[in-house]
Amino acid sequence: MSAAGTEALGAEFVTRYGREAAVVCAAPGRVNLIGEYTDLNEGFVLPIAIPQVTHTLAAPRPDRVLRVASLDRRDDPAISIDLDRPEAPVAGWAAYPAAVARALDDAGHRVAGADVLVSSEVPTGAGLSSSAALECAVALALCALSGVELAPMAIAEIAQRAENRYVGVPCGIMDQAASMCAIADHALLLDTRTLAIRQLPFDVHGAGLGLLVVDTRVKHALGDSAYGDRRTACARAAAALGVGALRDVEVGEVAAALEEIAAKAGEEVMRRARHVLSEQARVLQTAELLDAGQIAEIGQVLIAGHASLRDDFEVSCAELDLVVKAAVASGALGARMTGAGFGGSAIVLAAATRLSEIAQEIAARFSAAGYGAPLCFSASASAGARRER
Ligand code: ADP
Ligand code: MG
């Protein structure tokens with residue numbers, strides 16, 4: 001955000017709470033380059049942070065009340081949460097900050113009361129993880145006010161636990177880890193079993209390329225139940241093999257494993273597992289290419305990943321398929337849906353000079369198909385969460 005933007009936010013804080021903010025924190029949203037649904041199977045993922053962040057401004061209070069307001073919920077009054085009554089239900093979006101405070105408390109970090117103002121550039125519900133950005137920005141602010149010093153991954157784990165336990169969303173660790181641990185011009189290779197990370201060079205602009213994020217602005221109702229179904233299918237596949245998670249299948253064992261899954265759990269479960277196992281290989285292949293500085297070459301891997309999500313895992317939708325088809329037809333190096341699917345966003349990798357034409361082509365095809373206009377923006381791998389003041 002520009003200096004003027006941060007200043008305006010500061011003024012808004014004073015208007016709402018009658019004093020200056022003591023800390024300003026920012027946490028970005030993310031897109032996953034490759035590694036979709038591998039985190040459900042304790043595998044690898046490869047996200048980047050996007051430039052859009054959620055800001056939190058905060059000032060300490062002498063009591064144990066957490067007051068939260070969001071400029072993105074302008075009509076909502078500030079909501080007061082009593083930190084000494086963690087079981088009291090909190091309605092609406094304030095459930096996220098309340099959950100973060102509670103999860104910090106669970107981890108032994110008792111935070112002081114605070115007044116918090118939230119303002120976000122991350123589109124919500126678009127698969128770009130506005131929820132993790134919100135959690136991480138709130139966690140950073142509360143920690144800063146209370147003098148709690150935690151490593152980025154420790155905050156990510158607390159934020160994930162907050163969302164799992166107290167908001168009730170069974171998300172993996174990827175979103176929070178990306179928001180907390182990403183660095184600019186790098187992709188984050190994350191082992192979701194061990195939480196080991198490796199920063200891989202991903203300077204798209206330096207390579208003469210660009211990355212387009214296309215928010216289809218649709219969210220199909222099927223998405224909610226499908227997530228649970230896919231989780232169950234993956235668990236059944238692992239059980240058929242007698243392993244803890246599909247992550248445990250070695251590269252050389254994949255063909256035999258798929259046969260065994262088909263025989264014991266049926267064709268559909270086999271196809272779900274085939275996506276996970278092939279996607280796992282694609283993450284590692286992409287990591288190798290990035291290590292070798294071959295960014296353009298990951299395009300084909302992204303395209304193969306999309307086909308697998310569409311045909312084997314069956315979590316794409318007509319709008320996401322159209323983004324990929326239109327992008328590839330107009331010269332993109334690669335494209336795929338990103339996030340859980342059934343709507344949300346896709347990514348497109350292309351030569352920098354082709355980006356705006358590709359975006360126009362996608363918009364034209366959406367219009368011709370009678371779909372609403374998608375939201376396209378160009379993104380580069382951006383910095384992770386930080387305290388700005
Ligand atoms: P995603 O993480 O893909 O954007 P989610 O459904 O997981 O979608 O999270 C979106 C929810 O997070 C919103 O419905 C809202 O409750 C909360 N949220 C995210 N950002 C903000 C914000 N800036 N202000 C208020 N609530 C927010
Ligand atoms: Mg989310």
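This is a predicted model: local features need pLDDT of at least 70, side-chain atom pairs count only at pLDDT 80 or more; totals for chains, interfaces and linings use all residues.

How far is a nitrogen atom of ligand 1 from an N or O atom in the side chain of D72?

A: A nitrogen atom of ligand 1 is 2.7 Å from an N or O atom in the D72 side chain. S70 also reaches a nitrogen atom of ligand 1, with a polar side-chain atom 2.7 Å away. For G125, the backbone takes part: one of its polar backbone atoms lies 2.8 Å from an oxygen atom of the ligand. On its own, ligand 1 has 570 Å² of accessible area, and the protein covers 80% of that.

The largest nonpolar core has 45 residues, and L66, V68, I81, L104, V116, L142 and M180 are the ones with the most contacts inside it. Helix 3, which covers residues 130-146, supplies the largest share of this core, with nine residues. If you set aside its neighbours within four places in sequence, its contacts are C136, L140, P152, I155, A156, G384 and A385. Apart from this core lies another one, made of 41 residues, and I261, V276, C317 and I362 are among them.

T286 belongs to helix 8, which runs over residues 267-291. T286 has a relative accessible area of 0%, so it counts as buried. Beyond its neighbours within four places in sequence, T286 is in contact with I34, L46, I298 and V301.

S316 sits in a loop, the one between helix 9 (298-311) and helix 10 (318-329). Because its relative accessibility is 12%, S316 counts as buried. Its side chain makes a polar contact of 2.7 Å with the side chain of D321. Again leaving aside neighbours within four places in sequence, the residues in contact with S316 are H306, L309, R310, D321, M337 and F342.

A255 is found in helix 7, residues 254-265. Its relative accessible area is 56%, so A255 is exposed. In sequence, A255 and L277 are 22 residues apart, while their C-alpha atoms are 9.8 Å apart in space.

Finally, zoom out to the whole protein chain. You can count 11 helices and 12 strands in it. The C-alpha trace spans about 60 × 50 × 40 Å along its principal axes. A compact globule of 389 residues would have a radius of gyration near 21 Å, so the chain's value of 21 Å agrees with that. Buried residues make up 54% of the 389 residues. Among contacts with a separation of 6 or more, 73% come from residues 24 or more positions apart. The accessible surface of the chain is about 15,300 Å², and carbon and sulfur atoms account for 51% of it.

Notes: Residues are numbered from 1 along each chain as its sequence is written. Chains are lettered from A and ligands numbered from 1 in the order in which they are written. Side-chain values use heavy atoms; hydrogens and water are left out. A nonpolar core is a set of buried Ala, Val, Leu, Ile, Met, Phe, Trp, Tyr and Cys residues joined through side-chain atoms within 4.5 Å. Buried means under 20% relative accessible area, exposed over 50%, partly exposed in between (1.4 Å probe, protein chains only). Helices (H or I, at least four residues) and strands (E, at least two) are DSSP runs, numbered from the N terminus. Contact means heavy atoms within 4.5 Å. A polar contact is a pair of N or O atoms within 3.5 Å; within protein, one must be able to donate a hydrogen and the other to accept it, and residues adjacent in sequence count only if both atoms are side-chain atoms. Accessible areas come from the Shrake-Rupley method with a 1.4 Å probe; for residues, only the protein chains shown count as cover. The radius of gyration is taken over C-alpha atoms; the globule rule is 2.2 Å times the number of residues to the power 0.38.
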